[in-house]
Amino acid sequence: MSTVRCRIAPSPSGFLHIGTAKMALFNWLFARSQGGTFVLRLEDTDAERTEEEYVAAMCEGFKWLGIDWDEGPPFGDEPEKGALGPYRQSQRRDQHHAEGMRLVAEDKAYRCFCSKEELDADRAQADAEKRPFRYSGRCRNLTPEEIAAKGEASFVVRFRVPEGETVVEDLVQGPVKFNNKEFDDFIILKPNGDPIFHLAVVADDGLMKITHVVRGDDHLTNTPRHIMLFNALGYALPTFAHLPMVLDEAGKKFSKRMHGANVLDWRDEGYLPETLINYVVMLGWTSEEEGREFFTLEELRHLFSINRLNKSAARFDRKKLDWLNGQHIRMLTPENLRDRVLPIIAAKGIDTSGKSPEWLTQMASICQEKIPTLNNIVDYIDFFFSEVESYDPKAENKYFRQAESAAWLEADLRMMSAADAWTHDALKAAFEKEVEATGVKLGSLVNAARLALTGKPVGPGLFELAELLGKETAVARIARALEHVKTLS
RNA sequence: GUCCCUAUCGUCUAGCCCGGCCUAGGACACCGCCCUUUCACGGCGGCGACACGGGUUCGAAUCCCGUUGGGGACGCCA
């Protein structure tokens with residue numbers, strides 16, 4: 001009885017790419033839905049590209065999304081987890097080398113002494129003849145004597161690709177057939193003994209007893225090579241599932257340099273991790289339950305089924321992401337929203353330390369229905385913490401430069417000053433009573449007051465924000481606006 | 001160039017495997033109306049797609065072939 005073991009094996013190249021996040025999510029979901037194990041392995045064999053801060057940045061991305069791993073390398077205060085480590089490819093070099101040389105001993109691979117120059121010449125020749133470059137096989141059948149004669153000459157190790165065809169039985173794409181002629185005898189060990197990617201992944205997947213390889217379909221044409229290696233090395237062949245990649249809004253491969261390629265870009269812009277998870281899952285999978293589009297990680301781990309995965313690539317759509325984020329913000333409790341929004345407000349230099357937790361919860365609550373991203377809250381609440389320095393020009397024309405403007409503000413001032421109870425309900429009642437008595441439009445009274453209190457034409461509901469602002473401040477701001485209006489006409 | 005994958009509204013998709021229930025359903029976006037104290041939210045309605053061409057069949061979005069479009073792979077990168 002074999003339990004599912006799958007993995008995400010990113011190369012730490014600076015941050016968690018949105019595409020990597022998608023693959024990680026689906027691996028995670030597959031493992032969790034099957035009661036299996038999810039492994040994180042760092043493919044950090046490309047020495048120049050691996051920096052420790054890159055590793056940390058990548059793990060931070062996973063943590064933010066809530067994707068945890070059962071086995072993986074040490075990270076932060078977490079020790080290495082799992083019995084089949086190490087989980088950093090760079091620490092398995094000797095193992096890879098030994099496996100490569102084992103293939104040589106078994107004659108499934110061979111030493112190749114061709115120089116880089118020779119190969120470059122072959123490649124140029126192939127280009128000139130407009131045919132794909134394939135290794136010539138010059139060193140394929142060297143005799144032991146010929147090899148001995150090379151002495152200490154440096155060599156690479158090439159895999160001896162067998163004749164015939166290789167079929168990838170892909171869980172998503174179905175069976176995909178390749179003629180082995182498409183593949184030349186590819187290199188598996190560099191002259192310095194380091195493994196090439198293909199050997200390293202296969203050795204790692206084999207030794208870590210990975211049962212399901214779920215990855216981007218950019219690897220589909222690499223898979224025959226991997227299957228040949230699995231077989232040659234005598235490892236159990238995992239099941240493959242190749243998922244379509246995430247395209248940018250223009251329909252191109254999501255470039256590493258593009259903003260938004262880093263999942264933490266979205267965090268920094270005020271998107272919830274719940275939103276990203278929900279959005280990314282929608283990009284590659286649909287639920288049995290038709291039309292449903294809200295999912296939490298916890299729900300997904302029960303709902304996920306591999307046969308509902310899509311086969312074609314999907315574009316990233318910012319508009320839909322915004323909408324989804326707004327929906328997720330509305331699902332938060334006000335306390336939770338408050339806690340998420342406070343650091344953002346602080347980062348803008350606004351000091352909230354004078355307010356009670358209850359007050360701040362109220363503040364978050366009255367903005368909850370209005371903001372598409374967490375960051376948007378700043379514009380909705382800054383007037384609570386600073387004086388109104390200026391009025392929005394357009395709104396000023398509309399509410400402060402009318403013949404009745406002074407009258408509106410005078411009414412506002414009178415009602416607010418006279419308010420016996422400074423609550424949303426009491427204020428609302430007072431305004432409504434005024435409207436009934438005088439026939440003035442409620443909107444005029446409200447919008448003039450809003451502009452006076454906030455300086456803006458948009459924001460939370462007037463009575464809600466007034467209650468939080470406090471009577472004294474509100475009355476003072478109305479009075480000040482009234483003075484201002486008198487200077488306008 | 002060679003090989004591989006893919007193809008339903010502008011976007012994400014349901015339906016395709018097991019042809020008829022499809023005058024193709026939903027969501028985002030867009031437009032209009034309603035609600036309303038602004039903005040948003042919400043409600044109602046509208047616009048809008050089976051890439052093309054051949055087959056197979058009584059009947060095809062659904063099956064087959066081809067074309068075209070899109071993506072990917074062809075490293076001593078991962």
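Two rings of Phe, Tyr or Trp count as a pair if their centres lie within 6.5 Å, and a pair whose planes are over 60 degrees apart is called edge-to-face. The model on screen is predicted. Across the whole structure, a search finds 21 aromatic pairs.

**Stop 1: an aromatic pair and its cluster**

Select tryptophan 266 and tyrosine 271. Their ring centres are 5.3 Å apart and the planes stand at 85°, so this pair is edge-to-face. Are the two residues buried or exposed? Tryptophan 266 has a relative accessible area of 3%, which makes it buried, and tyrosine 271 is buried as well, at 2%.

**Stop 2: a pair between two helices**

Select phenylalanine 431 and phenylalanine 463. These rings also form an edge-to-face pair, with 5.1 Å from centre to centre and 70° between the planes. Which helices hold the two residues? Phenylalanine 431 belongs to helix α17 (residues 424–438) and phenylalanine 463 to helix α19 (residues 462–469), so the pair ties together parts that are 32 residues apart in sequence. Phenylalanine 431 is buried at 0% relative accessibility; phenylalanine 463 is buried at 11%.

**Stop 3: charges over rings**

Select arginine 123 with phenylalanine 133. The arginine lies over the face of the ring, 4.5 Å from the ring centre. Then select arginine 225 with phenylalanine 186, where the charged end of the arginine sits over the ring at 5.7 Å from its centre.

**Stop 4: a sheet**

Show the chain as a cartoon and find the open sheet of 3 strands, in the order β3-β4-β7, with antiparallel pairing. Which strands are at the edges? They are β3 (109–112) and β7 (187–189), each of which pairs on one side only. On average, neighbouring strands here are turned by 45° against each other, direction ignored. Between β3 and β4 (residues 156–159), which run antiparallel, there are 4 bridges. Select arginine 111 to see the residue that stands opposite valine 157 in β4.

**Stop 5: salt bridges**

A search of the whole structure finds 37 salt bridges. Select glutamate 60 and arginine 267, whose side chains meet in one of them, at 2.9 Å from N to O. This pair links distant parts of the chain: glutamate 60 is in helix α2 (residues 52–65) and arginine 267 in helix α8 (residues 263–268), 207 residues apart. Glutamate 60 is partly exposed, at 35% relative accessible area, and arginine 267 is partly exposed at 30%.

Next select arginine 138 and aspartate 122, which meet in a salt bridge of 3.0 Å, N to O. Arginine 138 is in the loop between α4 (116–128) and α5 (144–149), while aspartate 122 is in helix α4, 16 residues away. At 38% relative accessibility, arginine 138 is partly exposed. Then select Arg7, Arg41, Glu43, Arg92, Asp204 and Asp205 together: salt bridges that share partners join them into one network.

**Last stop: the domains**

Zoom out and colour chain A by domain: domain 1 (5–76 + 246–308), domain 2 (91–243), domain 3 (332–384) and domain 4 (393–488). How many Å separate the centres of domain 1 and domain 4? Taken over C-alpha atoms, the separation is 49 Å.

Note on methods
Residues are numbered from 1 along each chain as its sequence is written. Chains are lettered from A and ligands numbered from 1 in the order in which they are written. This is a predicted model: local features need pLDDT of at least 70, side-chain atom pairs count only at pLDDT 80 or more; totals for chains, interfaces and linings use all residues. Side-chain values use heavy atoms; hydrogens and water are left out. Domain bounds come from an automatic or database domain assignment. Rings of Phe, Tyr and Trp (its six-membered ring) pair if their centres lie within 6.5 Å; planes under 30 degrees apart count as stacked, over 60 as edge-to-face and the rest as tilted. Buried means under 20% relative accessible area, exposed over 50%, partly exposed in between (1.4 Å probe, protein chains only). A charge sits over a ring if NZ of Lys or CZ of Arg is within 6 Å of the ring centre and within 35 degrees of the ring normal. Two strands pair if DSSP finds at least two bridges between them. Axes are lines fitted to C-alpha atoms, for helices over the stretch in contact, and angles run from 0 to 180 degrees between N-to-C directions. A salt bridge is a side-chain nitrogen of Lys or Arg within 4 Å of a carboxyl oxygen of Asp or Glu.
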